[in-house]
Amino acid sequence: MIFGNKGKQRFLDAATGFEAAVREQDADRSQQYFQDMHRYFAEAADAEFHQAGPRLAGILDEVPPGPRATVAVIVGACVERGADASACGPHVLAGLSGTLDGARAFCERWAATGGGDFPDPQADEPHEGLFDRVGPEAAVAWLTLHQWEMAAVAMLNHAAVRTALDAGTRAGLFQALRAVEEASGHDFKCLAYALLVLDDEPLVVLHRPTGTGYAMRMTGIGDNFQLHTLLADVLIGGGHLPGSAPSAEEAAVCRDQPGQVDTTGAFNLVTPSGDWVWNEGTPSDIPVVDGVRLLVLDPPPYQRSWPAGRFFPHMTGDLVLERVLDEDEAGRLLAGCVTKDG
């Protein structure tokens, strides 16, 4: 969770007062209610978060740039406590988009004014002369991007928000983020992975040792560690392939249960061209062949163990088997796959 717990009406009152003060452009009242939201957050009941989240999201673009990111984080925390992510998500992601544009401008101006190590956006005090060097809007964007990452991931944890994003918007956000990462050397891995999550995505899996194939569908899987464990659960645990299946608990924490449980890898994940699909990557790394992602399972070259679980603890993931490919179809697909040394 981004903030805390418990229950009383004062948080909602503070959020309602903040909304009104922002709309009336009353800086003094806005500041007081802003402080009150922080003061009473830990005492608030879920019903307060349900109401406050969309109201605060709706005024994000009216909040001054400095505190806007903090309000977005509060919206994210409200969503984690049950506020409607579909109502809040568009506002937060619009704010993220603007912040990424500002962060890209920051990177360009930083390089154009002498370069050097980028300032730590989470330092207690801003880099001396930062605002004069790059301008206030670009500086604020850089200093608050990590907060927008938190808020955006809270939205993207929800399939309804992810699937409402059109492909062009999602690709634009991802490309803008990558440009900032490459220019600055700073890593925003959680946001990058959240933007890459696939939903209702067809996946064909070929098991080279047995010559069998499986049409599957995956949703909400944050990384390939999670995918690997679920593949073993569905295919080995389902009796389709030989081997040692994950325990019920190992599989559950990769779907919707909290926590992590140690597991051992059952396969080596490989592309049809023979390149390894690393567990540290995401399912988006699996190439599309003839309109569907195609993954080959080879025997593991060595034993790999890791804590099974979800990269995004608040994101529900799943992998389901839709049908077993017939022998001819599996054989034809496998014939087009090559083997490389790892």
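Student: What makes the crossing in which α5 passes α7 a left-handed one?

Tutor: In this predicted model, α5 passes α7 in a left-handed crossing. The term applies because the near helix is turned anticlockwise from the far one by less than a right angle.

Student: Why is α5 called roughly antiparallel to α7?

Tutor: The two helices, α5 and α7, pack at an angle of about 150°, with their axes 8 Å apart. Angles over 145 degrees count as roughly antiparallel, and α5 is therefore roughly antiparallel to α7.

Student: What classes of residue make up the contact of α5 with α7?

Tutor: That contact divides into 19 nonpolar residues, five polar and one charged.

Student: Why is α1 described as roughly antiparallel to α2?

Tutor: Helix α1 (residues 10–23) and helix α2 (residues 27–40) have axes 8 Å apart and pack at an angle of about 155°. With the cut-off at over 145 degrees, α1 is therefore roughly antiparallel to α2. The crossing of α1 and α2 is left-handed.

Student: How do you know which residues of α1 and α2 meet?

Tutor: The criterion is heavy atoms within 4.5 Å. On the α1 side, the residues in contact include Phe 11, Ala 14, Phe 18 and Val 22, and on the α2 side they include Arg 29, Tyr 33, Phe 34 and Met 37. By class, the contact has eleven nonpolar, two polar and four charged residues.

Student: What makes up the contact of α3 with α4, and how are its residues classed?

Tutor: The axes of α3 (residues 46–58) and α4 (residues 65–80) come within 8 Å and cross at roughly 145°. From α3 come Phe 49, Ala 52, Gly 53, Leu 56 and Ala 57, and from α4 come Val 71, Ile 74, Val 75 and Cys 78. Eight of these are nonpolar, one is polar and none is charged.

Student: What makes a residue part of the lining of the largest pocket, and which residues lie nearest its centre?

Tutor: A lining residue has an atom within 4 Å of a point of the pocket. The largest pocket has 16 such residues, and Arg 68, Gly 98, Thr 99, Glu 137 and Ala 141 lie nearest its centre. The space in this pocket is about 270 Å³.

Student: Which helix supplies the largest share of that lining?

Tutor: The largest share, seven residues, comes from α5. Helices α4, α5 (85–112) and α7 (136–156) each supply at least two residues. The lining as a whole has eight nonpolar, five polar and three charged residues.

Notes. Residues are numbered from 1 along each chain as its sequence is written. This is a predicted model: local features need pLDDT of at least 70, side-chain atom pairs count only at pLDDT 80 or more; totals for chains, interfaces and linings use all residues. Side-chain values use heavy atoms; hydrogens and water are left out. Axes are lines fitted to C-alpha atoms, for helices over the stretch in contact, and angles run from 0 to 180 degrees between N-to-C directions. Helices (H or I, at least four residues) and strands (E, at least two) are DSSP runs, numbered from the N terminus. Ala, Val, Leu, Ile, Met, Phe, Trp, Tyr, Cys and Pro count as nonpolar, Asp, Glu, Lys and Arg as charged, and the others, Gly among them, as polar. On a 1 Å grid over the protein atoms alone, a cavity is a set of points where a 1.4 Å probe fits but cannot get out, and a pocket is an open set with protein on both sides within 12 Å along at least five of seven lines; lining residues have an atom within 4 Å of a point. Grid points are joined across faces, edges and corners, and a volume is the space filled by probe spheres set on the points. Angles under 35 degrees count as roughly parallel, over 145 as roughly antiparallel, 65 to 115 as roughly perpendicular and the rest as oblique.
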